[in-house]
Number of protein chains: 2
Amino acid sequence: MYSIGAMSKVTGVKVPTIRYYEDIGLLPEPGRNAGNQRRYDQAGMDALGFVKHARDLGFALEDIRALMGLDGQLGDDCAEADQIARTQLQNVRDRIAKLEQLATELERISHLCDGGNGGCCKVLTALGDHGQCVGEHGRADI
Amino acid sequence: MYSIGAMSKVTGVKVPTIRYYEDIGLLPEPGRNAGNQRRYDQAGMDALGFVKHARDLGFALEDIRALMGLDGQLGDDCAEADQIARTQLQNVRDRIAKLEQLATELERISHLCDGGNGGCCKVLTALGDHGQCVGEHGRADI
DNA sequence: TGTAGGTGCTCTAGTCACTAGAGGTTCAAG
DNA sequence: CTTGAACCTCTAGTGACTAGAGCACCTACA
C-alpha cells in the first residue's frame with residue numbers, strides 16, 4: 001500500500017495533480033486508512049503510470065480517459081486506441097510544421113538587428129508589419 | 001474611425017479578444033462615441049496589428065507588453081527587443097526538438113498495432129509502460 | 001418617423017491542466 | 001510524548017481566451 005506521497009515519488013506526478021486526477025474522475029478513488037489518508041494498491045499505481053506516460057506523450061486528459069475506458073473491453077478497443085494514437089501523432093506533426101515556419105520567421109527577424117541601431121528598432125518594425133514576412137505563417141497554436 | 005467590429009475584420013482578432021486585450025491593459029483604451037461604443041484611430045489599429053502578429057509568432061502576452069513598452073524609447077530598446085525575439089526563437093526550437101522525440105515514440109506505438117489483435121491491445125500496453133520506450137522522452141510541454 | 005436586425009455594451013462564468021495557499025489533522029521517528 | 005513532515009479539504013489563481021445573458025444602440029429601409 002502506497003501513500004499519495006509515495007505514489008508521487010515513484011511516478012513523478014505531483015501530489016496535488018494526483019488529487020486533481022481523482023477529482024475529475026480520471027483515477028478511481030482509492031481506499032483510505034483510519035486517519036482518512038489515501039492508500040493505493042498496485043492497480044492504482046499502474047493507472048497513474050498510464051496517465052503520466054500518456055500525458056508525457058501529449059495526449060489530452062479526455063483522450064486518456066477514452067483510452068482507459070477502452071482497456072479491458074473486448075472487441076474493437078485496439079482499433080479505437082490505435083486511432084487515438086494516430087490522431088495524436090498527426091497533431092504532433094502539424095505542430096512541428098507550424099513551429100518550423102515560426103522559427104524561420106523569428107530567425108529572419110532576429111538577423112535584422114545583430115548590432116544596435118539606436119532608437120529605430122527593426123525587430124519592432126518587423127513585428128508590427130506582417131507584410132514583411134517571407135512566408136505565410138498562421139497562428140502558432142502551440 | 002473604426003468600430004470594434006471593423007477592427008476585428010481588418011486584423012482577424014475576434015471582438016471579445018480585443019476587449020480582453022484592453023481589459024488587461026495591453027491595448028490603450030480607445031475613445032467612445034455618444035452611445036458609449038469604442039471608436040479606434042489608425043494608431044489603435046496599428047497596435048492591434050502588432051499584438052496579432054506577435055501572438056501569431058508565439059510570443060506570450062507579457063512579452064508583447066514588454067516589446068510595446070520598448071517601442072518609442074531611445075537607447076537600448078533594440079538590444080532588449082532582440083533579446084526577447086531570440087529567447088522566443090530558442091523556445092520554439094526547444095519545442096520542436098521535444099515534439100520530434102514524441103513523434104518518434106508515437107510512430108513506434110502506432111506501428112505496434114497495424115491490424116487488430118482483439119482484446120489485448122499493444123497500444124494500450126505501450127502507453128502503460130514507459131520502460132518500452134526507445135529513447136528518453138520527457139514531458140511534452142506543448 | 002417607425003421598425004427590424006445587426007452590432008455594441010458590461011458582467012459573469014467556463015475552458016484546460018494544473019498550481020498555490022490557508023488552515024487544519026494525522027503519521028512516524030526519536 | 002513531542003516535533004515536524006506529510007496529509008486533508010477547500011478556495012482561488014494561472015494564461016489566453018470563449019460563451020452566454022440581458023441589455024442598449026445604430027443603420028438601412030419603408
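What share of the contacts in chain A with a separation of 6 or more comes from residues 24 or more positions apart? I looked this up before anything else. The share is 52%. I note here that the model is predicted.

**Entry: chain A as a whole**

I listed the elements of chain A. I found six helices and two strands. Along the sequence they follow the pattern α-α-β-β-α-α-α-α. I then looked up burial. Chain A has 142 residues, and 39% of them are buried.

**Entry: two helices of chain A**

I turned to α1(A) and α2(A). Two packed helices are described by the angle between their axes and by the distance between the axes. For this pair, the angle is about 105 degrees and the axes lie 9 Å apart. Angles from 65 to 115 degrees count as roughly perpendicular. α1(A) and α2(A) are therefore roughly perpendicular to each other.

Which residues of α1(A) meet α2(A)? I found Ile4(A), Gly5(A), Met7(A) and Ser8(A) on the α1(A) side. Their partners in α2(A) are Val15(A), Ile18(A) and Arg19(A). I sorted the residues of this contact by type. Four are nonpolar, two are polar and one is charged.

**Entry: Arg38(A)**

I picked out Arg38(A) next. Arg38(A) sits in strand β2 of chain A, which covers residues 38-39. Is Arg38(A) buried or exposed? Its relative accessibility is 15%, so Arg38(A) counts as buried. The cut-off for buried is under 20%.

I checked what Arg38(A) touches. Its side chain makes a polar contact of 2.7 Å with the side chain of Glu22(A). I left aside the neighbours within four places in sequence and read off the remaining contacts of Arg38(A). Among them are Tyr2(A), Ser3(A) and Ile4(A). Arg19(A), Pro30(A), Gly31(A) and Arg32(A) are also in contact with Arg38(A). Arg38(A) comes up again below, in the list for DNA strand D.

**Entry: DNA strand C**

I counted the residues around DNA strand C. There are 19. The closest are Tyr21(A) and Arg55(A) from chain A, with Gly5(B), Arg19(B) and Arg38(B) from chain B.

Which part of DNA strand C lies within 4 Å of the protein? Of those atoms, 89% belong to sugar or phosphate, and the rest belong to bases.

I looked for individual polar atoms. Thr17(A) has a polar side-chain atom 3.1 Å from a phosphate oxygen of DNA strand C. Tyr20(A) points me to a base. An N or O atom in its side chain is 3.4 Å from a base nitrogen of DNA strand C.

I then asked which elements supply the surface near DNA strand C. α2 (15-23) of chain A and α1 (4-11) of chain B each give at least two residues. α2(A) gives the most, with three residues. By type, the surface has five nonpolar, eight polar and six charged residues.

**Entry: DNA strand D**

Of the atoms of DNA strand D that come within 4 Å of the protein, sugar and phosphate account for 89%.

In Arg32(A), an N or O atom of the side chain is 3.1 Å from a phosphate oxygen of DNA strand D. In Tyr21(B), a polar side-chain atom lies 2.8 Å from a phosphate oxygen. In Gly35(B), it is a polar backbone atom, at 3.2 Å from a phosphate oxygen.

α1 (4-11) of chain A and α2 (15-23) of chain B give two or more residues each to the surface near DNA strand D. α2(B) gives the most, with three residues. I sorted this surface into five nonpolar, seven polar and six charged residues.

**Entry: Asn36 in both chains**

I ended with a backbone angle. Phi of Asn36(A) is near 70 degrees, a positive value in a residue other than glycine. Where is Asn36(A)? I found Asn36(A) in the loop between β1 (31-32) and β2 of chain A. Asn36(A) counts as exposed because its relative accessibility is 53%; the cut-off for exposed is over 50%.

The loop between β1 (31-32) and β2 (38-39) of chain B holds Asn36(B). With a relative accessible area of 53%, Asn36(B) is exposed.

How values were computed
Residues are numbered from 1 along each chain as its sequence is written. Chains are lettered from A and ligands numbered from 1 in the order in which they are written. This is a predicted model: local features need pLDDT of at least 70, side-chain atom pairs count only at pLDDT 80 or more; totals for chains, interfaces and linings use all residues. Side-chain values use heavy atoms; hydrogens and water are left out. A residue is near a molecule or strand if one of its heavy atoms lies within 4 Å of it. A polar contact is a pair of N or O atoms within 3.5 Å; within protein, one must be able to donate a hydrogen and the other to accept it, and residues adjacent in sequence count only if both atoms are side-chain atoms. Helices (H or I, at least four residues) and strands (E, at least two) are DSSP runs, numbered from the N terminus. Ala, Val, Leu, Ile, Met, Phe, Trp, Tyr, Cys and Pro count as nonpolar, Asp, Glu, Lys and Arg as charged, and the others, Gly among them, as polar. Axes are lines fitted to C-alpha atoms, for helices over the stretch in contact, and angles run from 0 to 180 degrees between N-to-C directions. Angles under 35 degrees count as roughly parallel, over 145 as roughly antiparallel, 65 to 115 as roughly perpendicular and the rest as oblique. Contact means heavy atoms within 4.5 Å. Buried means under 20% relative accessible area, exposed over 50%, partly exposed in between (1.4 Å probe, protein chains only).
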